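This briefing is meant for someone meeting the structure for the first time. Please look over the sequence and the model, and then read the points below, which are grouped by topic.

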Amino acid sequence: MEVLVCIKRVPGSSGTVTLTPDGLGVDTRHVGYVVSPHEECAVEAAVQLVETHGGSATVLTLGPDDAVEQLREALAVGVGSGVHVVGDCDRFGPADVAAEIAQVVRTHAAQGKSYDLVLFGNDSADAGNFQVGIRAAYLLGRPVVTGVRSFEVADGVVLARGDGPEGAELFELPLPAVLTVKEGGITPRYPSIPGRLKARRALIERLEPAAEPSGSGRIRLTLPPEQASTVEILGTGPEAAAAVVDVLQKIGVTK
């Protein structure tokens, strides 16, 4: 198996999310950066495939110079090689990113390395466009399934499982194919110390964008309204015990 997994450098989301003054992006002045959570699962899936079937996994990102750190995070958990298309993410819309990824796939195929599977996260944690994997599959002329929770490969086909409106769904696709992976069905592993050291020494292919980006066409982002919450104080000290029991009985925890 030859697997390409595409990741994105996104702002850490542990705190309150704020937008830039123009509303076109997330304000990242006071946050760190991570790999988008869905893509962490895609990385783990790629590593598991290679462990099971042999071959190699490659991780790719389009982003600024600092995005090499996210590539090394994937290398630290078992991905074999990395590709860094260096560019300003704010200038690249989903169609631009998909075109750059498709170009890398074609270039590597011409060099003798054809990918059986190209994996994406279902959507990025910052923009949530849900487009790049589908657009890349279209450009490559490959079948695609989105929102995949788990999958397996056997006899030249991939069996992909996900959640549909009527329950669980199972898709069978011929290889080569494209999948977008959704977190929840695959648990990412933690990098080991030797893995981190190896990732620091790994060579990463560095590329310039193949075309001038046309941009996202984004008008602005909006934040959902904060959810109102209320707190009821049942009491303090031993006198609150009876009230706690009443609540537990009401919600069915005790009888």
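His84 is found in strand β5, which covers residues 81-86, in what is a predicted model. Because its relative accessibility is 2%, and buried means under 20%, His84 counts as buried. Leaving out residues up to four places away in sequence, His84 touches Thr61, Gly63, Pro64, Asp65, Ala67, Val68 and Leu71, and it also touches Ile204, Glu205, Arg206 and Leu207.

**The chain as a whole**
- The chain holds 6 helices and 11 strands, and its C-alpha atoms fill a box of roughly 75 × 50 × 40 Å when taken along the principal axes.
- Of the 255 residues in the chain, 37% count as buried, while the chain exposes about 14,600 Å², of which carbon and sulfur atoms supply 53%.
- Among the contacts in the chain with a separation of 6 or more, residues 24 or more positions apart account for 71%.

**Nonpolar cores**
- The largest nonpolar core has 34 residues, and those that touch the most other members are Val5, Val59, Val79, Leu117, Leu119, Phe151 and Leu179.
- Two or more residues of this core come from each of the helices α1 (37-53) and α2 (68-76), and likewise from each of the strands β1 (2-7), β4 (56-63), β6 (117-121), β7 (144-154), β8 (157-164) and β10 (177-181).
- The element that gives the most to this core is α1, with 7 residues.
- Val79 is in contact with Val43, Val47, Ala57, Thr58, Val59 and Ala74, if its neighbours within four places in sequence are left aside.
- There is also a second, separate core of 21 residues, which includes Ala98, Ile101, Phe120 and Val178.

- Apart from residues up to four places away in sequence, Gln48 touches Ile186 and Arg189.
- Gln48 and Leu24 are 24 residues apart along the chain, and their C-alpha atoms are separated by 37 Å.

**The largest pocket**
- About 950 Å³ of space lies in the largest pocket, and of the 43 residues that line this pocket, the closest to its centre are Lys8, Cys89, Ser124, Asp126 and Ala127.
- At least two residues of the lining are supplied by each of β1, β2 (9-11), β4, α3 (94-110), β6 and α4 (132-140).
- Sorted by class, the lining of the largest pocket has 21 nonpolar, 14 polar and 8 charged residues.

**Ala125 in the loop between β6 and α4**
- Ala125 has its place in the loop between β6 and α4, and with a relative accessible area of 47% this residue is partly exposed.
- Not counting residues up to four places away in sequence, Ala125 touches Val10, Ser36 and Pro37.
- Although Ala125 and Arg9 are 116 residues apart in sequence, they are 9.2 Å apart in space, taken from C-alpha to C-alpha.

Note on methods
Residues are numbered from 1 along each chain as its sequence is written. This is a predicted model: local features need pLDDT of at least 70, side-chain atom pairs count only at pLDDT 80 or more; totals for chains, interfaces and linings use all residues. Side-chain values use heavy atoms; hydrogens and water are left out. A nonpolar core is a set of buried Ala, Val, Leu, Ile, Met, Phe, Trp, Tyr and Cys residues joined through side-chain atoms within 4.5 Å. Buried means under 20% relative accessible area, exposed over 50%, partly exposed in between (1.4 Å probe, protein chains only). Helices (H or I, at least four residues) and strands (E, at least two) are DSSP runs, numbered from the N terminus. Contact means heavy atoms within 4.5 Å. On a 1 Å grid over the protein atoms alone, a cavity is a set of points where a 1.4 Å probe fits but cannot get out, and a pocket is an open set with protein on both sides within 12 Å along at least five of seven lines; lining residues have an atom within 4 Å of a point. Grid points are joined across faces, edges and corners, and a volume is the space filled by probe spheres set on the points. Ala, Val, Leu, Ile, Met, Phe, Trp, Tyr, Cys and Pro count as nonpolar, Asp, Glu, Lys and Arg as charged, and the others, Gly among them, as polar. Accessible areas come from the Shrake-Rupley method with a 1.4 Å probe; for residues, only the protein chains shown count as cover.
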